[in-house]
Amino acid sequence: MRASSNSAHRTFQVLAGLLLAVALALTGCTNAGNGGSDSGDGDKAAGVQAEGDGKGAGGSRSDASGDADSGSGSSGQRKPPAPTDTHIIRTAKLTVRVKDVPAALDQAREAAEGAGGLVGNESTSRDDKGRERSRIVLRVPQEAYEDVLTALEGTGKLIDRDAKAQDVTDQVVDVESRVKSQRASVARVRELMDRATKLSDVVALEGELSTRQADLEALLAQQASLKDRTSMATITLSLTESGAQAAAEDDDPSFGDALGGGWDAFVTALRWVAIVLAAVLPFAAVAALLFVLWLRFLRPRLSRRTAPAREGDDD
């Protein structure tokens, strides 16, 4: 009985050990599965979060594009991009023939000042025939350029017109960009100066700052010049006073013009004849004097000498 009870007890211990081993094995597998699922869940959560962020950004972009499409109108087409502002330098040179130069100058000043412009250089002179000539430089706003040109052409008879337009948009944009960059560069050097502790560093930074400040001032001056020339057009007006000769050059020649030209040619010919006679007169006077001397003195003596010789021959 004791032997059977011992064998049963051992069998029970063996079964209990097997059950414990199986339980431990199952527990390890379960933990490993849970750990893998946890890491997988973590990766999935990170992926979901990233996907959510991407969807959020995509959603905002789609919303923005949707708003842009909805704002484009019922046709569904997008609006074209707004054109870049153009910057143009306009200059013109006019030559006008007028009857009264001072009155035409007053009209030109009124036209420029009435359009919001200003009068620049002005010069007046007279030619060798007493006709007055004036040259005046006008600066007018770009929007009043054509109107002022038309008003100036109406002061008299237009002889010559030369108008030019130069597009400097790229130059203006380039200068603006360089100004911004140079200002940022100057600000960086000033920040370095504020943080510098050594005297040598401060001196070097001051020299660099002065150089960059000079470059910035040059760019600002160029920018101001471009702004002035693109906002105000320049018109150079030359006024000449009309006269009889100018009218004769403009119109076809008439009988009076031909008669006047013939008379001028006749007077010119007489003038040249008189000049030639004046040049020959001294030589002619000397020749006449010699001829008179020959008649008065030399010829009678020769005739007296030849007369006795002829008588001797007759004997």
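Helices (H or I, at least four residues) and strands (E, at least two) are DSSP runs, numbered from the N terminus. This is a predicted model, in which local features need pLDDT of at least 70 and side-chain atom pairs count only at pLDDT 80 or more, while totals for chains, interfaces and linings use all residues. Residues are numbered from 1 along each chain as its sequence is written, and side-chain values use heavy atoms, with hydrogens and water left out.

Select Gly-116 to begin. This residue lies just after H2 and takes a positive phi of about 90 degrees.

Next, select residues 101-114, which form helix H2. Its buried residues (under 20% relative accessible area, 1.4 Å probe, protein chains only) are Val-101, Ala-104, Leu-105, Ala-108 and Ala-112. They lie on the same side of H2, because they cover an arc of only 105 degrees around the axis, taken from the directions from the helix axis to the C-beta atoms.

Turn to the face directed away from that buried side: Glu-110, Glu-113 and Gly-114 are exposed there, exposed meaning over 50%.

Now display what covers the buried residues of H2, including strand S1 (88-98), strand S3 (132-141) and helix H3 (145-153).

Which residues have the most contacts inside the largest nonpolar core? They are Leu-138, Leu-152, Ile-235, Leu-237 and Leu-239, in a core of 21 residues. A nonpolar core is a set of buried Ala, Val, Leu, Ile, Met, Phe, Trp, Tyr and Cys residues joined through side-chain atoms within 4.5 Å. H2 gives the largest share of this core, five residues.

Finally, select a second, separate core of 12 residues, among them Val-175, Val-186, Val-189 and Leu-205.

Note on methods
The expected span of a helix is 1.5 Å times one less than its number of residues. Contact means heavy atoms within 4.5 Å.
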